[in-house]
Amino acid sequence: MSRDADRVLTLHPEGKQGVRIDRTKYDAMVAALCAVIPGEEPGARFSDLSALVRPHLPASSFGAGVSVSWYVTTVKLDLEARGVVRRLTGSPQRLVRC
């Protein structure tokens, strides 16, 4: 398997340049975010997501030294761009699954 096959190029909802991240971490974060972001309002607060996903993440991929909050932000933006989650209007930022 090539190195590129082990990585995912993320998307950005505003069309900005995405980043390549490890596929194992991406897949685990997608599953965790989909598990904690509800399908209806009031949704989940963005500021709560790091704490909410942590119990759903494998320690083998998200151990010491891995910035869970960076992965939450990166994969959340990717899921917005793909239409899997959407931001609700207002503040604080809240998300629902589409």
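I'm counting a salt bridge as a side-chain nitrogen of Lys or Arg within 4 Å of a carboxyl oxygen of Asp or Glu. The model is predicted, so I keep local features only at pLDDT of at least 70 and side-chain atom pairs only at pLDDT 80 or more, while totals for chains, interfaces and linings use all residues. Residues are numbered from 1 along each chain as its sequence is written, and side-chain values use heavy atoms, leaving out hydrogens and water.

**Salt bridges**

I searched the whole structure and got 5 salt bridges. Arg87 and Glu80 pair up at 2.9 Å, N to O. I then looked up burial (buried is under 20% relative accessible area, exposed over 50%, partly exposed in between; 1.4 Å probe, protein chains only). Glu80 is buried at 15%, whereas Arg87 is partly exposed at 38%. Lys76 joins Glu80 and Arg87 in a salt-bridge network.

Arg82 bridges to Asp78, with the closest N and O atoms 2.8 Å apart. Asp78 is buried at 0%; Arg82 is partly exposed at 40%.

For Asp48 and Arg45 I noted 3.6 Å between the closest N and O atoms. Asp48 comes out partly exposed at 34%, and Arg45 is partly exposed at 33%.

**Helix α3**

I checked α3, residues 68–81, next. (Helices are DSSP runs of H or I, at least four residues, and strands are runs of E, at least two, numbered from the N terminus.) 10 of its 14 residues are buried, so α3 is largely enclosed by the rest of the structure. Among the buried ones I listed Lys76, Asp78 and Glu80. Just after α3, Gly83 has a positive phi of about 80°.

Key:
The expected span of a helix is 1.5 Å times one less than its number of residues.
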